[in-house]
Amino acid sequence: MRFVMIVLDGLRPDLVTPARMPALSALMARGTRFTEARSVFPSETRVATPSLVTGCRPASHGMVGNTVFDAALAPDRLLRTKDPADFLTLSAGRESPLQRLTMGERLAAAGRSFAIVSAGTPGQTLVAAPAAQRLGQFRWNAADLDTEDAKAAAERVGPTPPAAVPNLARSRHACRVLTEFVLPELKPDVALFWCPEPDVSFHYRGLDGSDTRLAMAEADACVATIVAWRDAQPDAGEIGLVVLSDHGHVTGPRKVSLAKRMAEAGLPASDGGTDITVAPAGAPGIWLRDKSLAPQVADWLAQQDWFGALLANDPSILPGRVAPLALLDAGHARSADLVVLFAGSEGPDRFGLPGEAPFDAGDVPEGGGMHGGLHRRELATVLGFEGGPFRIGAKVRAMADLTDVAPTLLHLLGVSIEGMDGRPLRPAWDAEADSVADPVRIELPGAYVLDGGRQDGRFYPTALVRRS
């Protein structure tokens with residue numbers, strides 16, 4: 001038995017329709033679809049990726065944001081983990097910043113093989129398989145030129161095309177590296193394929209622009225190519241496919257620069273090297289050199305019409321005014337002192353799609369897609385299993401998140417999952433294991449509540465919603 005994991009970055013499950021994505025829609029209908037699948041918090045790619053490969057939430061694995069601040073490692077600037085140099089800085093002399101074993105490491109220890117093919121950012125690929133070089137596992141990113149794996153892939157399928165928006169050519173090329181080289185020649189027990197679309201186009205062209213439609217069609221074509229490769233194999237019945245997205249998207253109609261606005265209000269804020277360091281995001285992090293500044297920050301935020309709710313790594317700095325990051329298994333020594341949640345709504349956006357929220361991100365235009373927070377459209381993800389041991393034509397009611405995928409595959413391969421936060425998703429092969437989660441509503445300080453469910457003792461957030 002072997003598995004191919006197909007990640008379509010940023011894909012919202014409500015946009016998977018036969019008209020937009022016929023191949024993926026057919027695969028989901030044939031297999032087992034988890035309709036209550038979730039991302040983690042913050043719902044960002046380089047938090048989601050380690051959650052997927054370690055089977056653990058951020059409080060355990062320690063990768064707490066796409067962009068973070070660490071005064072000991074880089075006192076005057078933010079660390080952007082998409083950049084390999086910043087990834088290595090955050091690793092502080094170790095192989096990676098992760099504090100839990102990855103799927104690749106667990107497979108290697110069990111004598112099994114793993115490979116990753118990604119047209120995402122270099123940092124995303126590093127955090128998915130930080131030990132690949134040491135373990136002799138194939139790791140290819142579209143930006144790689146000089147690694148042995150990159151040279152081997154180029155020999156088989158030619159040079160990598162340049163990045164673009166929409167990122168069609170690179171998505172197609174990465175799929176060729178997977179299906180024309182890695183799967184047929186290396187035959188990994190688990191292969192992870194990371195398609196950068198539709199996330200890139202969601203961000204820069206909007207959730208339903210003409211370029212975005214092309215990007216979704218290209219992502220769907222990648223799914224079709226992988227399915228066709230699998231179906232042509234003599235052991236096709238033993239090859240299971242897992243298709244998922246790492247997070248969803250909302251439309252961001254309004255861009256808010258927290259650092260700039262706080263500085264204009266007289267607070268000592270910047271993107272590094274001052275008393276208040278702000279990391280732009282869909283849920284911006286705020287690091288305080290002096291924790292006594294927390295009430296001033298909270299007072300200022302409470303006056304803003306775009307403010308939703310506030311989370312804290314240590315709630316004692318603002319008693320009664322914040323919810324703990326630990327509530328979402330997102331509290332860690334690296335986490336921001338405060339995390340801001342924007343006030344979202346169900347839209348509709350300019351395309352007529354539900355889900356809008358303000359955001360803080362310098363390069364994403366107003367009207368583009370964004371993610372990171374607790375809006376239901378950011379948290380909802382695609383998750384389906386097809387072929388191999390998985391049920392045919394099943395719709396699962398149980399809740400799941402990214403951390404449950406690796407335990408599921410490793411369990412089926414007979415590999416240890418000890419120490420993982422997630423659980424094997426038995427409803428994927430056993431109908432009797434399916435059950436509806438117990439609904440949970442958590443009252444937060446201020447105007448919002450957090451809806452979710454409890455499944456097998458774990459809390460799965462669904463949405464930050466305004467108190468009725």
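These legends walk through a few views of one predicted model.

**Figure 1. The whole protein chain.** Let's start with the overall picture. The protein chain has 468 residues, and its radius of gyration is 21 Å, which agrees with the value near 23 Å that a compact globule with 468 residues would have. Taken along the principal axes, the C-alpha atoms fill a box of roughly 65 × 45 × 45 Å. The secondary structure comes to 15 helices and 21 strands. Of the 468 residues, 62% are buried. Among contacts with a separation of 6 or more, 68% are between residues 24 or more positions apart.

**Figure 2. Helix α8 meets helix α9.** Here we look at two helices. Two packed helices are described by the angle between their axes and the distance between the axes. Helix α8 covers residues 148-157 and helix α9 covers residues 168-186. Their axes are 10 Å apart and the packing angle is about 100 degrees, which makes α8 roughly perpendicular to α9. On the α8 side, the residues that take part are A152, A153, R156 and V157. Their partners in α9 are H173, R176, V177, E180, F181 and E185. Sorted by class, this contact holds 5 nonpolar, 1 polar and 4 charged residues.

Figure 3. A disulfide is a covalent bond between the sulfur atoms of two cysteines. How many disulfides does the model have? The count comes to 0 disulfides. C175 is in no disulfide, and the nearest cysteine sulfur, that of C222, lies 4.1 Å away. Seen from C222, the closest cysteine sulfur is the one in C175, and 4.1 Å is too far for a bond because a disulfide needs the sulfur atoms within 2.5 Å. Are these cysteines buried or exposed? C175 counts as buried, with 4% relative accessibility. C222 is also buried, at 1% relative accessibility.

**Figure 4. The surroundings of T251.** T251 sits in strand β9, which spans residues 250-251. The relative accessible area of T251 is 2%, so this residue is buried. Leaving aside residues up to four places away in sequence, T251 touches L207, D349, G355, E356, A357, G367, G368 and G369. For a sense of scale, F459 is 208 residues from T251 in sequence, and the two are 26 Å apart in space, C-alpha to C-alpha.

Conventions:
Residues are numbered from 1 along each chain as its sequence is written. This is a predicted model: local features need pLDDT of at least 70, side-chain atom pairs count only at pLDDT 80 or more; totals for chains, interfaces and linings use all residues. Side-chain values use heavy atoms; hydrogens and water are left out. Helices (H or I, at least four residues) and strands (E, at least two) are DSSP runs, numbered from the N terminus. Buried means under 20% relative accessible area, exposed over 50%, partly exposed in between (1.4 Å probe, protein chains only). Contact means heavy atoms within 4.5 Å. Axes are lines fitted to C-alpha atoms, for helices over the stretch in contact, and angles run from 0 to 180 degrees between N-to-C directions. Angles under 35 degrees count as roughly parallel, over 145 as roughly antiparallel, 65 to 115 as roughly perpendicular and the rest as oblique. Ala, Val, Leu, Ile, Met, Phe, Trp, Tyr, Cys and Pro count as nonpolar, Asp, Glu, Lys and Arg as charged, and the others, Gly among them, as polar. The radius of gyration is taken over C-alpha atoms; the globule rule is 2.2 Å times the number of residues to the power 0.38.
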